[in-house]
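Here are my notes on this one, jotted down as I went through it. Have the viewer open while you read.

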Amino acid sequence: MEDTSAAPRQLASIDYFGKRAGRYRESHGNLEALEQLVRMAAPRGDEVVLDVGTGPGHLACAFAPHVGRVVASDVTMLMLREIPVVMRDRDVANVWRVAADAQALPFVDEQFDIVTSRLAAAHFPDHPGAVREMARVCRTGGIVLVADSMGPEDPEARAYVDDLEWLRDSSHGSNHSFNEWNDAYRAAGLEVSEVYVTSGRLSSMENWMDRADTPPENRERIYDLIENAPETLKRHVDIGRDGDGRLFFTTSQIRILGRKR
Ligand SMILES: C[S@@+](CC[C@H](N)C(=O)[O-])C[C@H]1O[C@@H](n2cnc3c(N)ncnc32)[C@H](O)[C@@H]1O
């Protein structure tokens, strides 16, 4: 019988990240990008923080020196095993690891002062459900801060971008749009107080695909999709061939901070 639940996607994600955990730890620890998020949360020093989809714990360990305690949670056990390496590198001891699915967090209500998630939400099968869970475990007056890739509002354009992203990285689910983020926050009882959106052309399509181990046949399909992108789509996605004959693709990122009412 065909499994139509979110389970196969989630298992694909666990498999994908499990195989790349060590490499991911080595390549995604840019301190300036992490500290930008810490500054946005503006901790006082005694908070209890939950980082959801923490991977090897880069954001958890960036918060650690600025707060009381951090719980680093992820659904991929092999990612959680990388956290002690990052803790040693950053010389922090106040990080606890918990295996957890973002859509069913194993914590009681209102347990955390700050709930964060970086570069993970596009992989969660149930986006509004995960935001609801992050809000549930956040105390009233606490904050939920997410950073992730962002998709276009137009549904066809978003499906096109998701196809590209999925061909590149089979763990990809969906890049949620600005409105989807705002709606999910509002529905979860979070008042959005800061949003930053940035966009930029990928400097190299090859590097982008190398970082995800994209198989050669999928690279061909990505090139083909970009080469033959319909003109109507280009109203929503900055994509095509530049003056030097190189294919290009612009990606967007969102950082969104909301306070629990
Ligand atoms: C791209 S990594 C990001 C890791 C980290 N947040 C960072 O910024 O470096 C995405 C992470 O999300 C995790 N993930 C995917 N689906 C998840 C889910 N349903 N619940 C919790 N974590 C999940 C993956 O295991 C992976 O570690």
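1. Helices (H or I, at least four residues) and strands (E, at least two) are DSSP runs, numbered from the N terminus.

2. Some housekeeping. This is a predicted model, so local features need pLDDT of at least 70 and side-chain atom pairs count only at pLDDT 80 or more, while totals for chains, interfaces and linings use all residues. Residues are numbered from 1 along each chain as its sequence is written.

3. Now strand 1, residues 48–52. Four of its five residues are buried, so the strand is largely enclosed by the rest of the structure.

4. Who are its neighbours? Strands pair here if DSSP finds at least two bridges between them. Strand 1 runs parallel to strand 2 (residues 69–74), with five bridges joining them, and Val48 stands opposite Arg69. Strand 1 also pairs with strand 4 (residues 112–118), again in the parallel sense, over three bridges; there Asp51 stands opposite Thr116.

5. On to the ligand. It is surrounded by 21 residues, the closest being Gly53, Gly55, Thr76, Ala102 and Ala120; a residue is near a molecule if its C-beta atom, placed from the backbone, lies within 6 Å of it. Helix 1 (7–27) and helix 3 (58–63) each give the shell at least two residues, and helix 1 has the largest share, with three.

6. What is the make-up of that shell by residue class? Eight residues are nonpolar, ten polar and three charged. The classes: Ala, Val, Leu, Ile, Met, Phe, Trp, Tyr, Cys and Pro count as nonpolar, Asp, Glu, Lys and Arg as charged, and the others, Gly among them, as polar.

7. Gln36 is partly exposed, because 14 other C-beta atoms lie within 10 Å. Gln36 and Leu59 are 23 residues apart in sequence and 10 Å apart in space, C-alpha to C-alpha.

8. Zooming out, the protein has ten helices and eight strands, and 41% of its 261 residues count as buried.

Note on methods:
A residue is buried if 20 or more other C-beta atoms lie within 10 Å of its own, exposed if 12 or fewer, and partly exposed in between; C-beta atoms are placed from the backbone.
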